[in-house]
Every structure is written in structure tokens, then in C-alpha cells.
Amino acid sequence: MNIPVNHFKRAIQAGTLQIGVWAQLASSNAVEVLAGSGYDWLVIDTEHAPNELTTVNSQLQAAVGGTAHPVVRVPWNDMIAIKRYLDIGAQSLLIPYIETAEQAQQAVAYTRYPPFGVRGYSSAPRASFYGRVKDYPSVCEAELCVLLQIETRLGLENIEQIAAVEGVTGLFIGPGDLAAALGHLGNPGHPQVVAAIEDAIRRIRACGKPAGILTTDETMIRRFIECGCVFAAVGSDVGILARASERLAAKFRSKP
């Protein structure tokens with residue numbers, strides 16, 4: 001038995017646009033619906049959603065067979081958290097709040113077995129199909145995708161150094177926290193924030209790494225894609241449900 005090929009990783013490295021969606025409802029059913037909706041990737045969020053290891057495990061299982069490759073956003077750049085999500089089968093991780101090359105090196109090390117890193121060894125995790133992939137420790141690295149989130153002034157300053165770290169697959173711009181860091185809390189569409197994002201995308205691409213972002217603003221996402229963004233998330237299960245349900249309620253409560 002072989003581990004799955006990470007087609008998402010290969011696509012972004014080749015510069016092929018990948019359209020994604022965010023999963024925040026902590027629901028395996030919601031992920032199953034999203035995974036079969038035609039997206040290229042989806043984020044199972046454990047930083048800003050009520051997800052834990054067991055719910056993520058179920059959501060990874062629910063994504064099997066869909067078109068959307070699951071990316072797990074871990075809560076922090078933490079060795080234990082990263083180890084546990086890798087063991088349950090996450091092949092792609094989004095790691096938040098990376099500001100320096102040293103933090104990037106730590107993030108990569110947490111995903112690698114010794115002597116190249118510090119990932120703890122388990123003989124039969126879900127990632128190895130419960131021990132059925134006999135050579136899992138020696139082959140898994142090729143299919144691991146390490147995406148680092150840039151969302152502060154210091155992170156912006158250090159983009160080139162972070163991108164140069166061996167083992168970093170791509171960089172993701174976090175527009176919400178970046179807007180806050182630039183003094184525009186709650187306003188990621190502020191011209192200063194947009195200009196910083198576009199500059200960051202260009203610099204990431206100049207380093208030879210794929211750039212990613214999330215925004216529900218269609219005009220902005222098309223602008224960022226044109227700027228060079230390769231993996232773009234365009235919405236979330238929470239947003240889709242909330243806005244669609246609001247529109248439906250308003251439709252039937254409005255006067256004829």
C-alpha cells in the first residue's frame with residue numbers, strides 16, 4: 001500500500017491555480033459536502049474554529065473521495081500539535097503567525113523525522129494506513145506540504161528569509177491579522193493593506209514559492225490572483241450558510 005500523492009502540493013508548485021474554501025463548522029458532514037463541491041482544496045481550521053483532534057480526524061475521513069485536498073490549519077507552531085495532526089493523516093498543514101526564518105525552520109523540523117527534524121515516531125498511525133505503508137517514515141516527506149502564514153509587520157519584513165528555508169512549500173497571507181497589524185483592524189480592504197498584500201505576493205513569487213490567501217471579496221480575490229496568488233480560498237462554510245440563510249429568510253419576510 002502507498003500513501004496518497006499530494007496533488008495539491010504539486011499543483012501549487014507548478015503554478016496551477018487552486019481554488020479553495022474554509023471549513024469552520026467542525027462538522028464532518030459539512031466537509032463532505034464541501035469536498036464534493038468542485039473546490040481544489042479546503043482548510044480544516046483549528047485556530048479559529050471549535051475543532052479538536054477527533055473532529056479533524058472525522059473531517060479528514062469525510063474528505064476522502066472529494067475533489068478538495070484537505071489542509072489542516074494547526075492552532076500554533078507547536079511540535080506536539082503538528083505531530084498529532086500529521087499522525088491522523090494530514091498531508092498539508094497551514095501554520096499561523098510565522099515571523100522569522102528561525103520559526104520557519106522549527107515548523108519544518110516538527111514535520112520531519114530525525115535526523116532531519118524532531119517529529120515523534122508512531123508505528124501504526126492513520127497516516128500510514130495503520131502500519132500498512134511499511135516505508136512511511138522514508139516516503140512521507142515527499143507528500144508533505146508545509147504552508148506558513150504571514151500576518152504581521154515582522155513577517156512581511158522577513159518574507160525572503162522565511163521563503164528560503166528548506167522544506168517550506170509556500171507562504172499564505174493572513175489578511176485579517178495583517179490588517180490589524182497595520183493599524184486597520186477589521187478592514188482588510190484598506191488601500192494600505194491591499195498594497196502590502198500585493199507586494200507580499202510579488203515577493204513570494206520572486207522567491208520561487210507559491211503564494212496563497214483567503215478573502216470573500218470577489219473583486220479582491222481576482223486582483224490577488226492576477227497579482228500571482230496561486231492558492232486562493234474564496235469563502236467558508238460559515239459564510240455560505242449564514243449569508244444564504246439570511247437571503248432566504250429576507251426573501252420570504254419581504255412584502256410582496
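1. Glu-218 and Arg-222 are both exposed; here, exposed stands for over 50% relative accessible area, buried for under 20%, and partly exposed for the range in between, with a 1.4 Å probe and protein chains only. Their side chains form a salt bridge with an N to O distance of 3.1 Å, where a salt bridge is a side-chain nitrogen of Lys or Arg within 4 Å of a carboxyl oxygen of Asp or Glu. The two residues are four apart, about one turn, in helix α11 (residues 218–227). Helices (H or I, at least four residues) and strands (E, at least two) are DSSP runs, numbered from the N terminus.

2. A word on the basis of this note: the model is predicted, local features need pLDDT of at least 70, side-chain atom pairs count only at pLDDT 80 or more, and totals for chains, interfaces and linings use all residues. Residues are numbered from 1 along each chain as its sequence is written, and side-chain values use heavy atoms, with hydrogens and water left out.

3. The count of salt bridges is ten. One of them joins Glu-160 to Arg-203 at 2.8 Å, N to O. Because Glu-160 belongs to helix α8 (residues 159–163) and Arg-203 to helix α10 (residues 191–206), this pair ties together parts that are 43 residues apart in sequence. Glu-160 is partly exposed, at 34% relative accessibility.

4. Glu-246 and Arg-243 also meet in a salt bridge, at 2.7 Å from N to O. They are separated by about one helical turn because they stand three residues apart in helix α12 (residues 237–253). Glu-246 is partly exposed, with a relative accessible area of 43%, and Arg-243 is partly exposed at 42%.

5. A disulfide is a covalent bond between the sulfur atoms of two cysteines. With the cut-off for a pair of cysteine sulfur atoms set within 2.5 Å, the count of disulfides is zero. Cys-145 takes part in none, as the nearest cysteine sulfur, in Cys-229, lies 13 Å away. Cys-145 is buried, with a relative accessible area of 1%. For Cys-227, the closest cysteine sulfur is that of Cys-229, at 8.7 Å, which is too far for a bond. Cys-227 counts as buried at 17% relative accessibility.

6. Where is Leu-25 placed? Leu-25 sits in the loop between β1 (18–23) and α2 (28–35), and its 39% relative accessibility makes it partly exposed.
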